[in-house]
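Here's a quick tour of a two-part topic: a bit of surface, then an interface. Have a look at the model first.

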Amino acid sequence: MKCERCQFENIPGSKTCVKCGVILESTGEQENVYPPRMSKLAAPIRYLARLIRRCGILSAKRIMILSVSWISSFLDDIITGLVFSVLPGFAHLIQKRFKEIRWLFIVWLMLIMSGLFLYGSTAGVICIGMAIGAHTAIAIQYKALQELESIFKIFLLIIIVFISLLFAYRGISGRIIPNLTGSYSTLEIPGLNMAAGDYLLGWNNPEDKLNIKRGDLVLIYPNIVGGHNMEGVKSRTYTVVQIVATAGERLEIKDGVFIINGQKLDPNTFPVQQWLKNYSYSVTIQENSYFISIQYNVNANNMDLNDEYINNVCIINSNDIESKIFMRWMPLMKKGLIK
Amino acid sequence: MARFSQLEFDETYPERKKTLSGEPIRDAKYFYKEAIRSQLAGDFELALRNYSRTLEKNRMIFEAWVGQTLMLIELGEYKEAIVWADKALENFPDQSELFAVKALAYWRDSQPEKAIDSSDISVSKNNVTSRVWLIRAEIMFNRKSTVAESCMSKAISLAGKEIGIIRLDTGRLLKNKKNYFAAIEHLNEVIRIFPQSPLAWYELGCCQSELGFSQAKATIEQSLKLRPNWKLAKTALSKCKRKGFFSKLFRR
């Protein structure tokens, strides 16, 4: 068995060369002779880690050395990967290791697409949760799994990464399409085939706000009127409401039906909500204002219903409109544009 | 393959004159020579590539594995250097030089405990080379300077045909430790051996500049003449030109 390096003839079956010590067994595969390279983006983080390590070396306190070295190795080995993995697979891609996580990436992609398609339903929430899980797995796989020896540390890191990604997804979704908003409907409108719990999408376009008509569905932050505060405070969650009357119109509620300028509206398309059905009410809508149909829980505030109460809840200013509903996203069977 | 045995370094880097016999055969030997040439020119990226090409032709050239690891260290890619030294050790498990370069990578990456461990292993092997002692010297420099000096002496005495590059690295080490006079001594010797090495001229120029010697400018210009458009040398030259009379005086 001839040594490739020194040409020494070794005994057949020898594992190493007697003369130079080189391993004689050949794997038969083409060995990679190009070393791995550091990404340019990792250089400053590595420099920082080195600097921290150096400070640790210079420190007189042993405990300081231990903590510093732990932080620096964490920075050096794990943080870089986690930071670049904000885009799933990016850290692997720049290190040419994408092949390692290609299946995870495909799973993530499928889950995120399913999650978006089913957004607004329980299945959608589960899909997006699983996509974040897959994303976490991609980020952790890059370095942390190899570097962290203790299961507790890995578990802790998984939780931290998962929660961080949860916030990142929430933040990013608002940044990518800032004008898009969505909310579950609380209204039941038989004429529009709309039931409570339908997930609706709204688009925040200033021009649309100028062209609000009767029958339009809009998203607002409603007034919560209660206690001694008749003016109300703004709710922090979007609510879907229906525009019933516009500026200058005379609105009446009589026998559970909306009457505009003396003409009855179709109760199928403009149903009076349960809390207003037994109340007689009339108002003339002021400039830049609208009367809305909104689902409201009067009993929760322990108040008697009166005109002022209804005015504060149901009459909104045009500036209060956040966006106009254009599409029903959920349930799947009813998915489509709202005209 | 004996290192630097047939090294021709008589052209301006990176140009090569065409020989009458035509293009040279691009075998392992050719790429190895090119790698050394790039290394002496301070072009570590190209040197790394040429070492890799050498291994593509013949993966049993141990010196090319060491060269690759050293180039990764020069490029500041210490983690990768450690990975690569480990890979080389799979093929050459008893080579002291591979343990030494791994120790150097650990040292430069500010992991002294691991560096000392690897360096201890390297010197405990049978075939201790001059490179091993030189790396040992770097690791010991801040702790025990007398030990470091004796390590450097051993490295130079064991260097044999590699004396040029060992002296160059000794000079660079001393320069980094701000021992400019001793560094100049070694670098002058390197220039005698490799008069066409831009790196040697550059390092010498930097040492002279630090000491406020007037010939620093000419020395760095010489390195730029040998390797035109070398950014590092250009920066050093402009820095050298900016130095005023008093800074030169007080440095001296």
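## Surface patch and interface

With a relative accessibility of 37%, A:Ile177 falls between the 20% and 50% cut-offs, so this residue counts as partly exposed. Keep in mind that the model is predicted. In chain A, the loop that joins helix H7 (151-176) to strand E1 (180-184) is where A:Ile177 sits. A:Ile177 also belongs to a nonpolar surface patch, along with A:Val86, A:Ile172, A:Ile176, A:Leu180 and A:Trp203. Together, the members of that patch have about 500 Å² of accessible area.

Now for the contact between the chains. Interface size is often quoted as the accessible area that is lost when the parts come together. Here are the totals for chain A and chain B:

| Chain A with chain B | Value |
|---|---|
| Buried area | about 2,500 Å² |
| Share of the buried area on carbon and sulfur atoms | 48% |
| Residues of chain A in contact | 23 residues |
| Residues of chain B in contact | 33 residues |
| Salt bridges across the interface | 4 salt bridges |
| Residue pairs in polar contact | 7 residue pairs |

On the chain A side, A:Arg5, A:Val33 and A:Arg37 lose the most area to chain B, together 24% of what that side buries. A:Arg37 also pairs up with B:Glu45 in a salt bridge, where the closest N and O atoms are 2.6 Å apart.

Which helices of chain A each supply at least two residues of the side that touches chain B? They are helix H1 (42-58) and helix H2 (62-84). H1(A) gives the most to that side, with 5 residues.

How values were computed. Residues are numbered from 1 along each chain as its sequence is written. Chains are lettered from A and ligands numbered from 1 in the order in which they are written. This is a predicted model: local features need pLDDT of at least 70, side-chain atom pairs count only at pLDDT 80 or more; totals for chains, interfaces and linings use all residues. Side-chain values use heavy atoms; hydrogens and water are left out. Patches are made of residues with over 30% relative accessible area and no salt bridge: like charges are joined within 9 Å, nonpolar side chains (Val, Leu, Ile, Met, Phe, Trp, Tyr) within 5 Å. Accessible areas come from the Shrake-Rupley method with a 1.4 Å probe; for residues, only the protein chains shown count as cover. A salt bridge is a side-chain nitrogen of Lys or Arg within 4 Å of a carboxyl oxygen of Asp or Glu. Helices (H or I, at least four residues) and strands (E, at least two) are DSSP runs, numbered from the N terminus. Buried means under 20% relative accessible area, exposed over 50%, partly exposed in between (1.4 Å probe, protein chains only). Contact means heavy atoms within 4.5 Å. Buried area is the accessible area (1.4 Å probe) that two parts lose on being put together, summed over both. A polar contact is a pair of N or O atoms within 3.5 Å; within protein, one must be able to donate a hydrogen and the other to accept it, and residues adjacent in sequence count only if both atoms are side-chain atoms.
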